[in-house]
Amino acid sequence: MKLRYIIPSIVAACTFTTLTSCNDYLDKQPDDRATIDNKDKVSKLITSAYPEVSAILVSEISSDNVTDNGKKYSTLPQVDELYRFKTITSESNDTPRNLWNGYYQSVATANEALQAISDMGNPTELNPQRGEALLCRAFSMFQMSTVFCMAYDPQKATQYLGLPYPLQPEQSADTHYERGTLAELYARINDDIEKALPLISDASYQVLKYHFNQKAAYAFAARFNLYYQKWDKVIEYATRALGATPMENLRVRQPYSTAAGVEDYFNMYVQSSQPCNFLLLPAYSIAARVLTMGAYLRYAHNMTVLSYDTYWALSPWNPATGTSQYTLLWAAHSLYGNNNFILEPKLEEVFEYTDKVNGIGFVHIVDPIFTGDETILCRAEAYAHKKDYTNAIADMNTWAMANLEPSYNSTVRKPFTEESVNAFMNSIKYAAVHPQGEFEMSIKKTFHPQGFTVEAGTQENILQLVLYMRRVTTMFQGLRFMDLKRYGIEYEHYLENEDALTFTAGDLRGAIQLPNDVIEAGLQANPRLNRDEQEAGKNNASTSSLIQTPGTSEIVREKLN
């Protein structure tokens, strides 16, 4: 397969000129690239190795964080295709083709930096730059794996398809690639991470939070190893990221309750001065416009999902369902929107005007992609897998100190104990895949683990609660879809007056289909059960299973009470 389909050319990278732009480095002539021969030039080049695309929209719309508000509301073609688990034929910033181009462009840039360092003799003074370039390459490939591949299963990883993993700048347009296996892909990501970690130095950065500083590097390593099912490494690396006093690296939510509104809340959330924000990544993306701005209301995180599955669901810190009256979750009192879409203002659009008079410019988001809150939950999950329940509960209590109020109305927070977690989780029913009403909805999901086992009782109960904590912590950041894939959690995508669509354990559609031009160029497509991409996934017994809350067509983002 030819190079231009794997490492996109400058022309391909600039395809979506209405929404994106090429970075400054890629606009330069090739002759300029050949002169990377000192530390400053290498550092500047590596800045361009961070991806400017985001998988948030693809992952959120594919997950159970959204549902159908009905046909009277509008959506975008690619969002409709994603929600229906179809191959995406549309093109925009957030579609598979642009993700493919954007992530591989970052890999190509990282490889150029690594080659330049090698050409200079791999001097010790460039070790931090070498480590950063390795992490940028590993991170882009990891992000692609979460989109285009199945969840890692050690029993099936040698059968599942991986992705081409370029390790050096390409010399020929006739370079051929093979996808290889998921086992090979994860091994290469792991190799890059392991080589990079000892090299990272915070002293090499002027703006720490926009680079792979040490905390961000170890948080990335912890998340990767969580998906890799290397529990000891998760604990080791999460501990390196969090330090001896993890609370100092968590997002203390109380100050957010004083935010003056959506913009103020968002500005607080993405501040680089927040110790919890390990790495901030800007991207060209309309994810905020679709997910939190109410511009397209058909598929959204609405009042139904909010009330029974996310922020206002029955939980150990909320004795009621469908209300914020008792919940201790700080974020549950900082929600905006209306019945059709509910948001926590952590994902907002940042518009870069190129022509303010005509309203022309580039659409950005800023994602705190690695944070202390998510990292401590990675460690809690790993402890639970090792049946170290004492440490798992300790991490859950640390998370609670930052994210839950001491008391609210008649509810008073008590520390989690093994007994209290078991008592609560044993008291609630498993959620139905196709709920016929709110009484069949629950934060407790049936697990079909992909490549690992979960023991009934304490282990499952702790993992159930940790996954729910991860869900409300990482809402609107795209991580839920990987948790669904990893644990084989089955769920439906409700469709008004149509058969609901079912995402099943080990569902092949969890690996988003490759861009069509990449397949046409010869790279193997992700398999599907049939030509219509698993139309049998429809739940023929349920045409309107989910009770929907009546909404309003007016786009209003008022604070919810």
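Biologist: Is Tyr256 buried or exposed?

Modeller: This is a predicted model, where local features need pLDDT of at least 70, side-chain atom pairs count only at pLDDT 80 or more, and totals for chains, interfaces and linings use all residues. Residues are numbered from 1 along each chain as its sequence is written, and side-chain values use heavy atoms, with hydrogens and water left out. Buried means under 20% relative accessible area, exposed over 50%, and partly exposed in between, with a 1.4 Å probe and protein chains only. At 2% relative accessibility, Tyr256 counts as buried.

Biologist: Thanks! How many aromatic pairs are there?

Modeller: Rings of Phe, Tyr and Trp (its six-membered ring) pair if their centres lie within 6.5 Å; planes under 30 degrees apart count as stacked, over 60 as edge-to-face and the rest as tilted. By this rule, the number of aromatic pairs is 34.

Biologist: What is the arrangement of Phe212 and Phe370?

Modeller: Both Phe212 and Phe370 are buried. Their ring centres lie 6.4 Å apart, with 45 degrees between the planes, and the aromatic pair is tilted.

Biologist: And which kind of pair do Tyr256 and Tyr269 form?

Modeller: Tyr269 is also buried, with a relative accessible area of 2%. The ring centres of Tyr256 and Tyr269 are 6.1 Å apart and the planes stand at 70 degrees, so the pair is edge-to-face.

Biologist: Which residue lies over the face of Tyr269?

Modeller: A charge sits over a ring if NZ of Lys or CZ of Arg is within 6 Å of the ring centre and within 35 degrees of the ring normal. For Tyr269, at 3.6 Å from the ring centre, that residue is Arg251.

Biologist: Now the helices: how is helix 10 oriented to helix 14?

Modeller: Helices (H or I, at least four residues) and strands (E, at least two) are DSSP runs, numbered from the N terminus. Axes are lines fitted to C-alpha atoms, for helices over the stretch in contact (heavy atoms within 4.5 Å), and angles run from 0 to 180 degrees between N-to-C directions. The axes of helix 10 and helix 14 (residues 372-385) come within 9 Å and cross at roughly 150 degrees. Angles under 35 degrees count as roughly parallel, over 145 as roughly antiparallel, 65 to 115 as roughly perpendicular and the rest as oblique, so helix 10 is, relative to helix 14, roughly antiparallel.
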